[in-house]
Amino acid sequence: MKSLKIASSAVMAVVAFSISLCAGSSAFAADELSLGNPAGELAPASDAASNRPPATFFTIAEVLAKLDRQRGRGPNAIRTASLTPLNTATDALPAAKPLPPEGTEPFGLFTFRAPESSLSRKWRGLESDLAREQTVLEHCRENAAGCPPNAAQFLRLINAVKSRSGRDRLDEANRAVNQAIRYVSDFAQHGEADRWTAPLATFATGKGDCEDYAIAKYVALSEAGFPREELRLVLGRDRAIRQDHAVLAARLDGHWLILDSRRSELIDDGALENFTPMFAINERGVQLFAAPYAKRLPRDGELDTAPAAANAAESEWTGVESLDAASPLTGFLPVLM
């Protein structure tokens, strides 16, 4: 009888324990479980067994799912704790981006339209002079007897260039103009720091500076049928002598060749040492050179680089300014080389 009473007590204890577990599980399933801390402190260890609620086990995913259901996302809402929301900050390094491709302009650079400046106004003034000289050339083609000597000389040069093809055409233009003009600075000839002269005016005196050489070659090649969109008047800085310099760049078979008043032979743009290109000019107007930011870091001792348009509002081509090694020239346009 005594054994029966002990067995009955054990059965009742097991049933009571099972009921308490079911009650705890059903409370969580019904979303009645409170996730906050209890209001009072825990009882001493000796009383913990009598005061502590039954242990309940759950996963983080279950808690997130419960919160989603409480927020009205549906009874079957599921959220995985391991997924990172898109708006979560992270200190992970971004994926490396490929370097920009090489530009299609001379020297492998890019160009973009320069802001309005005195250089733009100077180019528009030259375009007006070129249009007037174009009328003279057309008249000479129709009436050679009434053609001025300077225009006749330039026409003979154009015809000689036109008779060639390919690289020989560029070579003829470079050599013929270099031989026809004697270098004289604008200050010595005109009393000005920088004057751009159209070819017929240059051939009338037989004198000019580097811009005048480049302009005459630009017009001669254009008149001989070389596409103007493949030509660039390039203004830059000769770092070897610390002076501004101008050349003509011509693209032939996808490669840029440089026609320089200081060289009788053509030179590849990549082989023109100590030259920092600043502006490219043709029928599109004045363009600024710029290189990809990631393409090259400045070497020690070089000028600080800056975005190509940094000093565009103040930049002016003078052709005679010297460069102080201690500080960049006022108005000098740094480019990203």
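Helices (H or I, at least four residues) and strands (E, at least two) are DSSP runs, numbered from the N terminus. The structure is a predicted model, in which local features need pLDDT of at least 70, side-chain atom pairs count only at pLDDT 80 or more, and totals for chains, interfaces and linings use all residues. Residues are numbered from 1 along each chain as its sequence is written, and side-chain values use heavy atoms, with hydrogens and water left out.

Arg242 lies in the loop between strand S4 (231-238) and S5. Although Arg242 is not a glycine, its phi is positive, at about 55 degrees. Arg242 counts as partly exposed because its relative accessibility is 38%; buried means under 20% relative accessible area, exposed over 50%, and partly exposed in between (1.4 Å probe, protein chains only).

With 58% relative accessibility, Gly254 counts as exposed. Gly254 and Thr104 are 150 residues apart in sequence, yet 8.7 Å separates their C-alpha atoms in space.

Phe107 is located in the loop between helix H3 (60-70) and strand S1 (110-113). Phe107, not a glycine, also has a positive phi, of about 70 degrees. Its relative accessibility is 15%, so Phe107 counts as buried.

A nonpolar core is a set of buried Ala, Val, Leu, Ile, Met, Phe, Trp, Tyr and Cys residues joined through side-chain atoms within 4.5 Å. The largest such core has 49 residues, and Trp123 and Trp196 are among the members that touch the most others. Helix H9 (residues 210-223) supplies the largest share of this core, nine residues. Apart from it lies another core, of 13 residues, including Phe107 and Phe275.
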